[in-house]
Amino acid sequence: MTSFFAQNKSVAWVLLALALFVLLVTVLAPATGTGVLSTSFVKTLGKTLCLMLVAVAMDVVWGYTGILSLGHMAFFGLGGYMIGMWLMYARTELIIAESLRAAPIPPTPEEIHDAIGQQIFGVVGSADFPWLWGFAHSLPLQLAMVVLVPGLLALVFGWLAFRSRVTGVYLSILTQAMTLALSLYLFQNEAGLRGNNGLSGLQNLPGLDVVPQATISIWFFWASAAALGLGYLLFAWVVSGKMGSVIRGIRDNENRVRFLGYHVESYKLFIFTLTGIVSGLAGALYYPQAGIINPAEIAPIASIYLAVWVAIGGRGRLYGAALGAAVVSLLSSWFTGGGAPNVNLGFYTINWTDWWLVLLGLSFVAVTLLAPKGIGGIFDLFSRRHPVPERVGDFGPDQGARRTVEGEEEK
């Protein structure tokens with residue numbers, strides 16, 4: 001582990017910065033500190049950490065392996081749906097049990113179950129639990145679904161796509177089609193996830209009604225920070241060493257890597273599935289802080305936004321993807337939440353709520369044309385002011401043979 005951090009110094013710096021940030025927010029949060037930060041802003045920061053994690057996962061797929069996936073927010077949303085099912089079931093069960101407690105005749109478990117179904121699905125004109133909710137009563141089983149459902153979808157889709165050797169823009173279109181099909185399916189009431197209504201009230205943790213939201217928000221903030229730190233460490237390890245060299249080779253010249261004897265499809269499938277699982281975990285932490293999830297969260301535009309975050313931050317460097325997601329997410333909250341003042345030009349008033357997407361699109365174009373390394377490239381000015389020195393020696397059968405050892409890519 002010591003040698004790993006010695007070879008990847010940026011990882012240690014990122015984890016240290018994350019730890020200091022968590023400490024600062026803890027001191028300023030209303031539940032644990034001075035209360036300078038509002039509860040809603042602590043939730044915004046916690047959600048931002050989740051978005052940073054899925055952006056890092058996207059960077060491993062796109063920036064390191066060369067697969068432009070336009071469907072990773074589908075895995076993110078599925079993770080949210082899986083944990084949301086338990087949250088809605090358990091909270092509704094407590095409400096139903098409390099309302100029936102004063103009944104002259106105690107209700108049977110079947111009556112409670114039917115009442116829960118009526119409460120949850122009455123909004124879509126149903127009272128029966130779909131088969132998808134078979135494990136919703138059990139937190140451990142539903143947590144397993146947070147991992148298994150996004151992971152299985154990523155595994156099956158990746159296996160079908162990669163074994164057919166679909167690459168480039170065609171693969172991107174397929175991932176987008178998968179996301180669109182899933183989103184349209186979830187919009188139907190028959191899908192079993194309340195259609196357009198989605199799952200709501202997820203911020204209310206069952207059995208913790210007496211705990212204020214300020215405390216719950218800092219709990220989720222800590223959990224999100226821990227997930228980001230562990231996820232960053234995992235992906236930094238994945239993209240280093242032999243595996244990192246292979247997936248970079250796949251990105252740069254897939255046919256050459258295949259010619260060298262590596263099973264390219266297995267590497268791509270592993271990366272695609274692993275990042276899908278981590279994206280699902282990030283979604284499971286995000287939506288209890290957001291309080292609601294609906295099919296619009298899985299629409300293809302969400303995955304396009306994710307690619308924009310990674311591009312603006314700087315793909316091919318993990319800290320760049322995380323930084324891009326943080327900057328764009330916080331700016332989006334500021335511009336669309338009414339924080340940015342409108343600009344009166346006399347003949348026209350710029351309302352940033354309406355113009356934010358235009359500004360984001362222009363920023364993406366500007367970064368692509370003028371700063372292809374993204375925001376993360378700024379750190380190059382500090383870390384590489386001088387050329388990397390060459391290490392030259394006799395490394396061949398002939399006396400005087402030379403070899404240069406070049407610097408590795410940033411993690």
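Ala 223 is partly exposed in this predicted model, with a relative accessible area of 31%. Its place is in helix H8, which covers residues 213–238.

**The chain as a whole**

The secondary structure of the protein chain comes to 15 helices and four strands. Its radius of gyration is 24 Å, close to the 22 Å that the globule rule gives for 411 residues, so the chain is as compact as a globular protein of that length. Along the principal axes, the C-alpha trace spans about 100 × 55 × 50 Å.

How much of the protein chain counts as buried? The share is 47% of the 411 residues. The chain exposes about 20900 Å², and carbon and sulfur atoms supply 65% of that area. As for contacts between residues at least 6 apart in sequence, 74% of them join residues at least 24 apart. On the side of charge, there are 23 positive and 22 negative charges, and their mean positions lie 11 Å apart.

The pLDDT of the protein chain averages 86, and 92% of the residues score at least 70. Over residues 385–408, however, the pLDDT is below 50; this stretch has 19 contacts in the model beyond near neighbours in sequence. Where pLDDT is low, the predicted coordinates should not be read in detail.

**Around the end of helix H7**

Two arginines here deserve a look at their backbone. Arg 165 has a positive phi of about 55° although it is not a glycine. This residue lies in the loop between helix H6 (139–163) and helix H7 (168–187). Arg 194 also is not a glycine, and its phi is positive at about 65°. Its place is in the loop between H7 and strand E1 (199–200).

Is Arg 194 buried or exposed? At 8% relative accessibility, Arg 194 counts as buried, because that value is under 20%. Arg 165, by contrast, counts as exposed at 51%, because the cut-off for that class is over 50%.

Asn 189 sits in the loop between H7 and E1 as well. It is partly exposed, with a relative accessible area of 39%. Which residues does Asn 189 contact, leaving aside its neighbours within four places in sequence? They are Val 124, Arg 194, Gly 195 and Asn 196.

**Trp 355 in helix H14**

Further along, Trp 355 lies in helix H14 (residues 352–370). Trp 355 is partly exposed, at a relative accessible area of 34%. Leaving aside neighbours within four places in sequence, it is in contact with Tyr 348 and Ile 350. Leu 323 is 32 residues away from Trp 355 along the chain, and the C-alpha atoms of the two are separated by 23 Å.

**C-alpha separations side by side**

| Pair | Separation in sequence | C-alpha distance |
|---|---|---|
| Trp 355 and Leu 323 | 32 residues | 23 Å |

Definitions and conventions
Residues numbered from 1 in each chain as written. Predicted model: local features only at pLDDT ≥ 70, side-chain atom pairs only at ≥ 80, totals over all residues. Heavy atoms only, no water. Rg over C-alpha atoms; globule rule 2.2 N^0.38 Å. Buried < 20%, exposed > 50% of the residue type's maximum accessible area, 1.4 Å probe, protein only. Contact = heavy atoms within 4.5 Å. Areas by Shrake-Rupley, 256 points an atom, 1.4 Å probe, with all protein chains shown as cover. Lys, Arg positive; Asp, Glu negative; His and termini not counted. Charge placed at Lys NZ, Arg CZ, Asp CG, Glu CD. pLDDT = per-residue confidence, 0-100.
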